[in-house]
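Please keep the 3D view open as you read.

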Amino acid sequence: MYNMLINRKQINIIILFLSFFTLFSCKKHKPVFHRQDVSNNIFFLETPVDASIGYVMQNSANFTELKREYRSNLNRVLKKPNNLRWLKIDFGPDTEFKDKTIALYISQLQSSSWLWCNGNSIRKYGSIPPHEISCGTVSHFFMFPKPIINYEGNNTIYIQVWPGPLGMISNTVFIGEQQ
């Protein structure tokens with residue numbers, strides 16, 4: 001009888017140990033959300049309001065680095081008050097993005113904007129003068145169709161921005177997988 005009690009205790013301890021081991025050894029795997037920071041790759045070009053994407057692409061070499069201290073007020077980089085700002089971001093996708101749908105995330109972009117990727121129009125927010133309509137200060141998410149992305153090399157994003165009196169772009173800009 002005494003041996004039987006020990007065996008039952010041992011069995012209960014083993015069952016308890018296995019239950020705890022199973023419960024605590026199984027990690028809950030959260031999906032990994034890879035980000036590719038492109039905040040240091042933002043350049044700008046000032047153009048008249050009627051400048052086309054073709055003109056901007058031809059003048060790609062004339063873009064100037066948009067320093068972080070000017071991002072909170074895009075009007076400080078203007079030489080002429082009613083001109084547009086074109087922003088340019090060059091990136092080669094990280095290998096984690098191979099054959100995945102990716103997007104550009106901008107935590108804040110104030111005023112109207114129109115985004116192009118590799119010469120393809122992606123999305124437009126608001127409208128440019130003379131009939132200005134601003135989208136305000138909102139987070140922006142621009143998803144890129146897979147066929148327009150060069151997964152093996154360089155990609156160029158152009159953003160036409162009419163910043164109005166309070167135009168700005170945040171310092172948090174990244175490429176991420178569309179979840």
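Which residues line the largest pocket?

## The largest pocket

The lining is made up of F44, L45, E46, N62, T64, V77, K79, K80 and N83. A pocket here is an open set of points on a 1 Å grid over the protein atoms alone where a 1.4 Å probe fits, with protein on both sides within 12 Å along at least five of seven lines; lining residues have an atom within 4 Å of a point. Strand β2 gives the most to this lining, with three residues (strands are DSSP E runs of at least two residues, numbered from the N terminus).

This is a predicted model, in which local features need pLDDT of at least 70 and side-chain atom pairs 80 or more, while totals for chains, interfaces and linings use all residues. Residues are numbered from 1 along each chain, and side-chain values use heavy atoms, without hydrogens and water.

## T47 in strand β2

T47 also sits in β2. T47 is buried, with a relative accessible area of 0% (buried means under 20%, with a 1.4 Å probe and protein chains only).

Beyond its neighbours within four places in sequence, T47 is in contact (heavy atoms within 4.5 Å) with Y55, V56, N83, L84 and W86.

## Around I159

Not counting residues up to four places away in sequence, I159 touches R85, W86, L87, I89, L104, I106, L109, S113, W114 and L115.

Definitions and conventions. Helices (H or I, at least four residues) and strands (E, at least two) are DSSP runs, numbered from the N terminus. Buried means under 20% relative accessible area, exposed over 50%, partly exposed in between (1.4 Å probe, protein chains only).
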